[in-house]
Amino acid sequence: MNAVVKPEIIVTLNGEERRTVPSYDNEYVLMREKDFNVILDNTNLGIILAIISGHDHFAQIMKKTGLQRGKLSRHLRRLLNTGWVIKNGNRYLPSGRIYVAYDVKDVNGEIMLSISMSKGAFIDPFYGLVIINGEPLSNYCSTCPLRQVCVNNVKSLARKYNIELRGAEPSEAYVELFRELIRRDLIKRFRSGWRIVIRR
């Protein structure tokens, strides 16, 4: 699996169908920024990529990642507790398709939920995992050897989700794609009275 890993954007580029990603397009997972940041750890990222690629049982994940039993248990527990994965019988699965970081503020006695438009992730069952961790710098993609693969990937994703992109660089287009998914789907759901169930 090819991957572009930079501080602001992590993109996996594979082009092969993954079987463990939920088949619904609009399953959102809202998580605190602190919980979102768990995926930025290389070990946790490797585990979620193993799960997405179909290695969803403990022994399979252990073999794919090369982690020892105790270390894998700790990291899986962390991914479960922060909401990145769920456990279904003996299988570990991504908890959703789109992950959104939020912050809670108390403003003059009112609780405000602030959704980050520059911190989140989405999983496409064919195109892979994209993690947005802030604003990419200018010329972010110019020296990347996988630039053209990212261009093709983000254009395909934009066609699939019917989103018109204006970003010149792939990094800008990925951020734009993520923001449009949030604006178009999540905000509309909130406005229409979408029910939020909080589990802990």
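Trp84 and Tyr99 are both buried, where buried means under 20% relative accessible area, exposed over 50% and partly exposed in between (1.4 Å probe, protein chains only). The model is a predicted one, in which local features need pLDDT of at least 70 and side-chain atom pairs count only at pLDDT 80 or more, while totals for chains, interfaces and linings use all residues. Residues are numbered from 1 along each chain as its sequence is written, and side-chain values use heavy atoms, with hydrogens and water left out.

The structure contains two aromatic pairs; rings of Phe, Tyr and Trp (its six-membered ring) pair if their centres lie within 6.5 Å, and planes under 30 degrees apart count as stacked, over 60 as edge-to-face and the rest as tilted. Phe36 and Trp84 make a tilted pair, 5.7 Å centre to centre with 40 degrees between the planes. Phe36 belongs to helix H1 (residues 33-36) and Trp84 to the loop between helix H4 (69-82) and strand E4 (85-88), 48 residues apart. Helices (H or I, at least four residues) and strands (E, at least two) are DSSP runs, numbered from the N terminus. The ring centres of Trp84 and Tyr99 lie 4.2 Å apart with planes at 25 degrees, so this pair is stacked. Because Tyr99 lies in strand E6 (residues 98-107) and Trp84 in the loop between H4 and E4, the pair ties together parts 15 residues apart in sequence. Phe36, Trp84 and Tyr99 form one aromatic cluster.

Helix H2 (residues 42-52) is largely enclosed by the rest of the structure, because eight of its eleven residues are buried. Among them are Asn44, Leu45 and Ile52. After H2 comes Gly54, with a positive phi near 105 degrees.
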